[in-house]
Amino acid sequence: MLVKFIFGASFLILGIAYLLFYLHLGGISNFITVGFDGFRGINFLGSAGDVRGILISATVMNLLNLLLASVLYHRDRFLAKLLPFVSLAVSVLILITIGFIIVSN
């Protein structure tokens with residue numbers, strides 16, 4: 001039950017990141033700041049497609065973790081219960097990344 005709840009929270013956080021992305025950066029066709037260093041300034045310019053790629057790769061990673069957790073549940077319960085927390089951590093980090101990209105643009 002807890003595993004399903006954590007995976008659901010992980011996908012909910014990714015959904016919030018998608019929503020924030022499309023509300024704030026979806027219609028931008030120019031270059032946006034994707035990477036920023038405090039000492040040297042902007043170090044990576046990209047497009048909205050690059051940010052979309054970050055979101056898609058996080059979604060694929062969460063889906064793979066969900067698949068692995070369901071396959072490994074009867075073999076190794078520790079790993080099957082660890083994967084949802086990894087997915088949740090990745091989703092939170094992606095949400096922070098998207099938030100930083102939105103704020104810096």
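Predicted model: local features only at pLDDT ≥ 70, side-chain atom pairs only at ≥ 80, totals over all residues.

Trainee: Which secondary structure elements does the protein chain have?
Mentor: Helices (H or I, at least four residues) and strands (E, at least two) are DSSP runs, numbered from the N terminus. Here there are three helices and two strands, in the order α-β-β-α-α along the sequence. The C-alpha atoms fill a box of roughly 50 × 30 × 15 Å along the principal axes.

Trainee: How do I describe two packed helices?
Mentor: Two packed helices are described by the angle between their axes and the distance between the axes. Axes are lines fitted to C-alpha atoms, for helices over the stretch in contact, and angles run from 0 to 180 degrees between N-to-C directions. Angles under 35 degrees count as roughly parallel, over 145 as roughly antiparallel, 65 to 115 as roughly perpendicular and the rest as oblique.

Trainee: At what angle do helix 1 and helix 3 pack?
Mentor: Helix 1 (residues 2-24) and helix 3 (residues 77-104) pack at about 15°, with axes 9 Å apart. Helix 1 is therefore roughly parallel to helix 3. Their contact involves 21 nonpolar, four polar and one charged residues. In that count Ala, Val, Leu, Ile, Met, Phe, Trp, Tyr, Cys and Pro are nonpolar, Asp, Glu, Lys and Arg are charged, and the others, Gly among them, are polar.

Trainee: And how do helix 1 and helix 2 cross?
Mentor: Their axes come within 11 Å and cross at roughly 170°, so helix 1 is roughly antiparallel to helix 2.

Trainee: What share of the residues counts as buried?
Mentor: Buried means under 20% relative accessible area, exposed over 50%, and partly exposed in between (1.4 Å probe, protein chains only). Of the 105 residues, 32% count as buried.

Trainee: Which residues have the most contacts inside the largest nonpolar core?
Mentor: A nonpolar core is a set of buried Ala, Val, Leu, Ile, Met, Phe, Trp, Tyr and Cys residues joined through side-chain atoms within 4.5 Å. The largest one has 15 residues, and Phe21, Val51, Ile94 and Ile98 have the most contacts inside it. Helix 1, strand 1 (32-37), helix 2 (48-72) and helix 3 each give two or more residues to this core. The largest share, five residues, comes from helix 3.

Trainee: What does Phe21 touch?
Mentor: Leaving aside neighbours within four places in sequence, Phe21 contacts Gly26, Ala48, Val51, Arg52, Leu55, Ile98 and Ile102.

Trainee: Is Asn62 buried or exposed?
Mentor: Asn62 counts as buried because its relative accessibility is 0%. Asn62 lies in helix 2 and touches Phe7, Ser10, Phe11, Leu14, Ser87 and Ser91, not counting residues up to four places away in sequence.

Terms used
Residues numbered from 1 in each chain as written. Heavy atoms only, no water. Contact = heavy atoms within 4.5 Å.
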